Amino acid sequence: MRRYFPAILLLVWVLGLIWPAGEANALSCARQPSVNEEFARSTVVFHGKAVGERKNGATTFEVTEAWKGVASGKIDVQVSTMWMPVQQDEAYLVYAAQKNGVLTAHLCGRTALWEQGRADIASFPPTSVTPEGSPAAPWSLTVAGAVGALVFAVLLTSLMIARRRDPKRK
């Protein structure tokens, strides 16, 4: 085996040189997410008009129609203008999520001018906008369920350990 080792090493090295490399995506998005993926990972999804810009670089949108996370009014969203310059008084389909406490459009996401993105709405699930002032989820039920599941897991684990230590079972 030792006498074949240099030949095998050379073969692996040569194959590494000639094997085709994958596609490189420098300074571009590898692939744009599907409408369903983008909708699922977004906190807010809405159609709105860019009406202003904040000093922190966030764009203020006036919500025209909403599908997730916002009902109406104005909302500030951080949009990377390097990838997509935002034009004032233009309508957009915006997908954004909370990032460090700030609503931010996904860098390689589907946020686009309304005319380019409007076909996405055909794939949206039924409207899930939460009216302002109401809780986004019944947190008391969620917490109670999590505590119940934790108690069940601890009891089940304790039972399994007790059965293994029982000398009568051996």
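Leaving aside its neighbours within four places in sequence, which residues is His106 in contact with? Contact here means heavy atoms within 4.5 Å, and the list reads Glu38, Arg41, Ser42, Tyr95, Ala96 and Ala97.

Before I go on, some housekeeping. This is a predicted model, where local features need pLDDT of at least 70 and side-chain atom pairs count only at pLDDT 80 or more, while totals for chains, interfaces and linings use all residues. Numbering starts from 1 along each chain as its sequence is written, and side-chain values use heavy atoms, with hydrogens and water left out.

How confident is the predictor? pLDDT is its confidence in each residue, from 0 to 100. The protein chain averages 77, and 71% of the residues score at least 70.

Now the layout. We have four helices and six strands, in the order α-α-β-β-β-β-β-β-α-α from the N terminus. Those are DSSP runs, numbered from the N terminus: helices are H or I with at least four residues, strands are E with at least two. Of the 170 residues, 26% are buried, and buried means under 20% relative accessible area, with exposed over 50% and partly exposed in between, using a 1.4 Å probe and protein chains only.

On to the hairpins. Strand β2 (residues 59-68) pairs with β3 in the antiparallel sense over four bridges; two strands pair if DSSP finds at least two bridges between them. Thr59 has Val77 as its bridge partner in β3. Five residues sit between β2 and β3 in this hairpin, and Gly69 in the turn has a positive phi of about 80 degrees. In a regular strand the side chains alternate between the two faces of the sheet. Look at β3, residues 74-77: Ile75 and Val77 make up the covered face, Lys74 and Asp76 the uncovered one.

Lys99 stands opposite Val102. Two residues lie between these strands, and Asn100 in the turn has a positive phi of about 55 degrees.

Back to His106, which lies in the loop between β5 and β6. His106 counts as buried because its relative accessible area is 18%. Two of its contacts, Glu38 and Arg41, meet each other in a salt bridge at 2.7 Å, N to O. By salt bridge I mean a side-chain nitrogen of Lys or Arg within 4 Å of a carboxyl oxygen of Asp or Glu. The two are three residues apart in helix α2, so about one helical turn separates them. Glu38 is buried at 0% relative accessible area, whereas Arg41 is partly exposed at 40%.

A search of the whole structure finds four salt bridges, including one between Asp120 and Arg110, with the closest N and O atoms 2.9 Å apart. That pair links distant parts of the chain: Asp120 is in the loop between α3 and α4, Arg110 in the loop between β5 and β6, 10 residues apart. Asp120 is buried at 7%, and Arg110 is buried too, at 18%.

Last stop, Phe39 in helix α2. Phe39 and Asp120 are 81 residues apart in sequence, yet 9.6 Å apart in space, C-alpha to C-alpha. Phe39 is buried, with a relative accessible area of 7%.

Key: pLDDT = per-residue confidence, 0-100.
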